[in-house]
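Subject: Structure for you to look at

Hello,

Here is the structure I said I would pass on. My notes on it follow below.

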Amino acid sequence: EKDILISRTLDKKRQSADNSMITYTNFLSLDEISVVKTTDREYNEFTDAYYYGGYDDSERQIALFIPKFFEFDDLNAFLSDNEDDNPLCIVRLKKDKFTSLSHRDYLGAIMGLGLKREMIGDIKVSDDGADVFALKSSAEYICENLKKSGRGSVVGEILPVSSFNCAEDKYETVFTTVSSLRLDGVVAAFFNISRSTAAEAVSKGLIYVNSSQCLKGDFALKEGDKIVFRGKGKTVLSEIKGTSKKGKLKIEYKRYI
């Protein structure tokens with residue numbers, strides 16, 4: 001599967017370079033993004049690779065290959081100003097007033113339509129529904145066929161990505177101390193596990209720093225780094241607050257709920 005993904009990615013990059021056009025993959029998981037990033041040096045004389053999920057800090061993203069003659073400073077702004085070049089859109093699902101629906105309800109309903117997970121990105125749930133980031137090629141099918149989610153009814157509308165209002169994810173602020181900013185030690189502290197368990201998680205490829213898989217337990221973290229423990233949750237090292245009397249680093253981090 002890894003070799004197939006790399007081959008498909010290189011085909012997309014080759015098309016972009018040879019035909020001077022924007023190409024892109026389907027949505028990628030964190031694991032797949034790490035694999036695709038190994039190809040970033042290929043064809044980079046002619047085209048640049050970007051990872052885009054529709055908004056800052058998105059988890060599921062497409063790899064987007066843009067020829068170098070497209071000059072811009074900010075990818076989100078460029079795609080907002082050039083909507084025809086943006087392969088993504090939002091399917092805004094409005095639910096009825098009588099049911100409470102979760103991320104799992106919306107995802108299950110979309111998968112029940114026969115779509116593959118790679119056709120949709122993040123799902124951001126709100127009090128009155130959800131915004132689903134989707135490839136434009138799948139959006140109309142979702143709107144036409146998705147009428148129920150969980151025990152509730154929903155109505156879909158296709159909107160440009162620029163219409164997304166990102167509500168801040170819920171998190172709690174936690175304070176702790178660590179001996180150093182080594183990845184394995186910080187993971188142990190943030191996720192309340194032993195140092196050996198954290199080191200094993202790193203070696204197994206379960207830990208991601210800023211959306212990239214990190215296999216080095218001695219990797220040095222810094223303020224602002226986002227740490228994802230696959231299957232366990234997401235945290236952000238928000239601030240280093242100095243040193244304790246015992247010589248440990250005092251740090252503040254956000255634990256997303």
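Helices here are DSSP runs of H or I with at least four residues, numbered from the N terminus. The model is a predicted one.

I began with helix 7, which spans residues 195–203. Three of its residues are buried, namely Ala 198, Ala 201 and Val 202. They lie on the same side of helix 7, because the arc they cover around the axis is only 100 degrees. Ser 196 and Ser 203 are on the other side of the helix, and both are exposed.

What do the buried residues of helix 7 pack against? Their partners are helix 6 (183–190), strand 10 (207–209) and strand 12 (226–229). After helix 7 comes Gly 205, which has a positive phi, near 80 degrees.

Positive phi also turns up in residues other than glycine. As background, most residues other than glycine have a negative phi.

Asp 57 has a phi near 70 degrees. It sits in the loop that runs between strand 2 (47–52) and strand 3 (62–67). Is Asp 57 buried, partly exposed or exposed? Its relative accessibility is 44%, so Asp 57 counts as partly exposed, the class between under 20% for buried and over 50% for exposed.

For Asn 210, phi is near 55 degrees. This residue belongs to the loop between strand 10 and strand 11 (212–213). Asn 210 is likewise partly exposed, because its relative accessibility is 37%. Strand 10, at one end of that loop, is also among the elements that the buried residues of helix 7 pack against.

Regards

Methods: Residues numbered from 1 in each chain as written. Predicted model: local features only at pLDDT ≥ 70, side-chain atom pairs only at ≥ 80, totals over all residues. Heavy atoms only, no water. Buried < 20%, exposed > 50% of the residue type's maximum accessible area, 1.4 Å probe, protein only. Helix = DSSP H or I, 4+ residues; strand = E, 2+ residues; numbered from the N terminus. Arc of directions from axis to C-beta. Contact = heavy atoms within 4.5 Å.
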